[in-house]
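Thanks for stopping by! Let's walk through this model together, one question at a time.

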Amino acid sequence: MSVTHPLWRVRPLVLAITATIGAAVLVLYFQYRAIATLESQTKVIVRQLSEQAATEIAGELHRALAGPVIDTMTAVSQPDLRAGRFDLVAQEYAKALAAYPHVDRFLAWSARREINAPGEVVFFGRDGHFARDATLGRAVFELARKHAPAQHIFIAAEGIGAQKRHQVLLRVFWNDAKRLDYFAVLGLVLDPQTSPARLFEPPRLARINAILARHSGEPALRLRVLDERGKVVFGNADAGQISTRLPFPMLFYPAEEIQARMSGGGEMRTWQIEVGSPEMAGAMSGMSQSYWPTLVSVALMLVALGLTVQAHRRSAELAEMQTDFVAHVSHQLKTPLSLLSAATETLQLDRVRSPEKLSEYLDTIHAEAGRLSHLVQRVLEFSRMQQDRRYELEYVDFGALTRETVDAFALGLAGQFTFSVDIDGPGPYVHVDPAAIEQALANLLDNAVKYSDTIKEIAVRVRNDHHWAIVEIADRGVGVAAADQDRIFDRFYRASSGLHRPGFGLGLPIVRELVEAHGGRVDVTSVPGAGSTFRISLPQANPPVIAASPRSVESPEAVS
Ligand code: ADP
């Protein structure tokens, strides 16, 4: 026969717990690694996309600065310009003002036209006409004259005009290759207070947005441009997580292309082109949120494990109880069976001489057979309790039910015990299975009789207290010690005070089970040597109208 070591019985459980927790930890660890990798990959991808977008946006800004200088000012042929064709120049300027909103005005001077505005350039604005602005016009022409000896094609200057505010870029058209004399000057004026923001107006804005959209994935990219003082020129101060920052050397003209052919110049200011994603943090937290389903699954796994452990414990407990039960019942069967077999053996051998002795033996057989049947009945009741007993509920007059149960019980003890029943009027009503409650009452009455001593008085009282219907069964018997009072409702528990009475410790557990199945409770108050009062409390019910008259209860089967 193989004997299972207790450690081995525990080990599968320990292994199951360890395996489940290990699996949970592994799942979380791998998910953590996957998410961390995904996060860093996302960051890298967003950074790369941001860098590409920033570079393209820098190119777009550069084109905005270069276009009016390189393209617009060379669009009219030199012979036309020499001929003073400002109408052709106006056409180009009108197109350029629409394409480059950051340009405040274009300007022109031609030797042919000088007669109209001597010593000053004329300005072409968004009203679509050349017009004079004498102060600025003279200042600009003076600039051209001042730089002419340097014989450059381009002239740049800042702080021009009455308020010393404007930025000016001029293109000088020389008469000949020696650059001794010039016949025309074209140029543009920028207002540094407004032109930075206007760089990002339509139609450029649409192109910038297209660049961002082209490089955006999930999450989308946003642009922010800061000037040399860190002031936001474009975009939102709160642009979210910045993935790339590209310095942009800001001059109001395309320095790279014209620097070598230019006199004067502007101060280079370093702007920052920042591209990032406001949703990046959100996307990252979205990734972290994907932990939740795993955490919930792990939690469910642990709950399942907990339930399994509990079920395992419960089944172990049940197995132990079963063994205990069998041992206990066998022990209880032994005494009456051996007495019965001894008595019958004696009778069989015909050793009983006197009729008194015969009657004594028959009494023993009768008593022990009764004890056996009592035990079997209790065991049957108990086993019925264990299988899910079905209750047939009815609205019942609790007072009437109690009285009838006590009356039926008292019948068999007439002359030996005094029963008093105290009930105030009809009710209270309860919604119960009458047979089950009769059984509970009969068990308590049975105990009251069994544990009574010299004073054989049993008082039964029915009352209602708030929402409870209460029956109290009081005896004046041996009582139960305080230490035993909680335990006597446990299976097989027998208090020391009642050990000399026959019993199996199953009556009160049955009462408790029956009463609790009806939403009620049972308790005891007892003084050892003076008596006990057992109390059943059941929730009161409002009887249906038709059931308002007291129910006639069928004769109860007294359980004893
Ligand atoms: P049994 O009476 O068969 O032993 P019960 O479950 O009915 O089993 O009762 C459990 C124990 O509670 C009894 O052994 C007894 O010690 C104690 N007991 C129950 N009812 C009374 C009572 N009315 N007076 C004194 N002791 C009682």
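Q: How far apart are the end C-alpha atoms of helix 4, and what span should its 14 residues have?
A: The expected span is 1.5 Å times one less than the number of residues, where helices (H or I, at least four residues) and strands (E, at least two) are DSSP runs numbered from the N terminus. At 1.5 Å a residue, the 14 residues of helix 4 should therefore span 20 Å, in agreement with its end C-alpha atoms, which are 20 Å apart.

A note on the source: this is a predicted model, in which local features need pLDDT of at least 70 and side-chain atom pairs count only at pLDDT 80 or more, while totals for chains, interfaces and linings use all residues. Residues are numbered from 1 along each chain as its sequence is written, and side-chain values use heavy atoms, with hydrogens and water left out.

Q: Where do the buried residues of helix 4 fall, seen down its axis?
A: Buried means under 20% relative accessible area, exposed over 50%, and partly exposed in between (1.4 Å probe, protein chains only). The buried residues of helix 4 are L136, G137, V140, F141, L143, A144 and H147. They fall within an arc of 150 degrees (taken from the directions from the helix axis to the C-beta atoms), so they line one face of the helix.

Q: Which exposed residues does the face of helix 4 turned away from its buried side carry?
A: What covers the buried side includes strand 1, strand 2, strand 4, strand 5, strand 6 and strand 10, with contact meaning heavy atoms within 4.5 Å. The face turned away from the buried side carries the exposed residues T135 and K146.

Q: Which are the edge strands of the open sheet?
A: The sheet has seven strands in the order 3-2-1-6-5-4-10, with mixed pairing; two strands pair if DSSP finds at least two bridges between them. Each edge strand pairs on one side only, and these are strand 3 (130–132) and strand 10 (262–264).

Q: Which residue is the bridge partner of F124 in strand 3?
A: Strand 2 (residues 122–124) pairs with strand 3 in the antiparallel sense over three bridges. There, the bridge partner of F124 is F130.

**Strand 18**

Q: How many of the nine residues of strand 18 are buried?
A: Strand 18 (residues 531–539) pairs with strand 16 (residues 468–475) in the antiparallel sense over seven bridges. Seven bridges also join strand 17 (residues 521–527) to strand 18, again antiparallel. Strand 18 is largely enclosed by the rest of the structure, because its buried residues number eight of the nine.
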